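User: Please take a close look at one helix pair in this model. Which residues meet there, and what surrounds that part?

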Amino acid sequence: MLGTMLSLIDVLPLFSNTAWGQNANLDFLKKHMGATFEKRSQPWQTTINPADVHSGDFLAVSKIRGRWGGFETLEKWVTGAFAGHTAVCLKDEMGNLWVGESGHENEKGEEIIAVVPWDEWWELALKDSSNPQIALLPLHPELRAKFNSTAAWEYARSMSGKPYGYHNMIFSWIDTMADNFPPPLDTHLVVSVMSMWTRMQPAYAANMWNEALNKRLGTEGLDLYEILAEVESREMAFDHLLTIPEQDEWVYSDGKSTTCVAFILAMYKEAGIFGPISNSIQVTEFTIRDAYMLKIFEDNQTRLPSWCNGKDEKLPFCQILGEYRMELPLYNTLEPYANMNEHCPSLPPTYDRPTRC
Ligand SMILES: *[C@@H]1O[C@H](CO)[C@@H](O)[C@H](O)[C@H]1NC(C)=O
Ligand SMILES: *[C@@H]1O[C@H](CO)[C@@H](O)[C@H](O)[C@H]1NC(C)=O
């Protein structure tokens with residue numbers, strides 16, 4: 001299991017925006033996570049009826065091609081999640097459907113937090129070159145009835161326009177990596193991916209890890225190569241640098257930000273989904289897998305909307321887009337509890353989690 005360490009030869013093709021690149025992602029996820037990628041019958045896209053969708057319904061997205069496909073594949077592998085991106089539905093008082101999303105690309109190509117009309121979001125999904133597979137996970141009717149839409153909208157509006165939480169994200173899973181994989185192979189992989197990404201996307205790289213690595217070194221403004229030189233001159237191991245935990249008081253140049261899933265869970269907290277344990281839920285401790293495992297979704301298939309899933313598909317949620325059947329192992333199984341996910345390891349390929357970790 002841990003012997004199947006990755007090399008750049010395994011990782012590079014994941015980022016290619018070609019059929020070959022997409023197959024590399026599917027093969028990687030089959031091999032390392034036991035994913036199946038069963039082909040669905042047509043139609044691969046569903047026309048939803050917005051009347052059947054409610055505030056708080058969760059959107060799980062899985063991209064399998066190109067830059068975001070490759071990135072999500074690595075993130076899935078490290079966290080055990082079978083989806084790589086998330087968004088949330090919101091209804092306004094007029095009954096119009098909106099999507100709240102952290103990681104929405106604006107006209108300048110920056111990833112920000114935004115609330116956009118459903119039709120606009122859906123159109124972007126349909127022409128997304130990363131070939132997204134999308135599922136709608138309806139909240140359980142009891143929680144839907146409790147969901148405080150006013151509070152959810154207030155939270156969404158307060159975050160709208162803020163940047164996506166790159167810093168949180170990269171280190172939430174690098175910490176996992178450093179905790180769970182024997183050095184030095186894992187560190188080599190991290191450095192390889194980082195330097196490759198730096199070449200491809202220098203602006204993103206600066207956003208994603210240079211600033212966070214500088215924080216860990218107590219330096220400012222060094223680029224990745226200068227950081228590596230600094231680590232060497234201090235006779236420090238790079239994996240040690242990676243394991244220095246994120247500090248809540250560190251403020252990045254772009255200020256307050258959240259990852260896609262932390263944004264949704266923070267909204268759920270505001271809307272009352274976690275009830276009396278709200279104050280003991282740390283949303284930044286949750287991966288996408290932790291979120292879809294929560295036992296907060298519809299559990300009665302006969303109550304799913306009629307347009308949900310194709311004729312012969314019996315998924316417990318609604319897949320609304322995609323060539324391959326989405327799998328979300330352990331979907332809707334874990335009752336929320338206080339301080340959940342604060343001490344959970346995540347080791348491929350089974351990602352076993354001790355109870356109440
Ligand atoms: C819903 O949230 C709003 C805004 O936070 C609050 O004023 C209101 O009392 C809440 N409603 C309920 C039923 O809790
Ligand atoms: C599921 O929902 C249907 C339709 O509302 C209802 O008749 C049935 O009793 C429910 N099943 C369970 C197990 O709750």
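**The H6–H12 contact**

Ala151, Ala152, Tyr155, Ala156 and Met159 in H6 meet Phe263, Ala266, Met267, Glu270 and Ala271 in H12. Contact here is a C-beta criterion: the two C-beta atoms, placed from the backbone, lie within 7 Å. The residues of this contact divide into nine nonpolar, no polar and one charged. Ala, Val, Leu, Ile, Met, Phe, Trp, Tyr, Cys and Pro count as nonpolar; Asp, Glu, Lys and Arg count as charged; the others, Gly among them, count as polar.

This is a predicted model: local features need pLDDT of at least 70, side-chain atom pairs count only at pLDDT 80 or more, and totals for chains, interfaces and linings use all residues. Residues are numbered from 1 along each chain as its sequence is written, while chains are lettered from A and ligands numbered from 1 in the order in which they are written.

Now the geometry. H6 covers residues 149-159 and H12 covers residues 260-271; they pack at an angle of about 140°, with axes 8 Å apart. H6 is therefore oblique to H12. Angles under 35 degrees count as roughly parallel, over 145 as roughly antiparallel, 65 to 115 as roughly perpendicular, and the rest as oblique. Axes are lines fitted to C-alpha atoms, for helices over the stretch in contact, and angles run from 0 to 180 degrees between N-to-C directions. The crossing of H6 and H12 is right-handed: the near helix is turned clockwise from the far one by less than a right angle.

Ala151 also belongs to the ligand surroundings. Ligand 1 is surrounded by Asn148, Thr150, Ala151 and Glu154, each with its C-beta atom, placed from the backbone, within 6 Å of the ligand. This shell divides into one nonpolar, two polar and one charged.

Some backbone details lie elsewhere. The loop between H2 (19-33) and S1 (58-62) holds Pro43. A cis peptide bond joins Gln42 and Pro43, with omega about 0°. Phe37 is found in the loop between H2 and S1. Phe37 is not a glycine, yet has a positive phi of about 50°. Phe37 is partly exposed, with 18 other C-beta atoms within 10 Å. Buried means 20 or more such atoms, exposed 12 or fewer, and partly exposed in between; C-beta atoms are placed from the backbone.

Helices (H or I, at least four residues) and strands (E, at least two) are DSSP runs, numbered from the N terminus. Buried residues make up 40% of the 357 residues.
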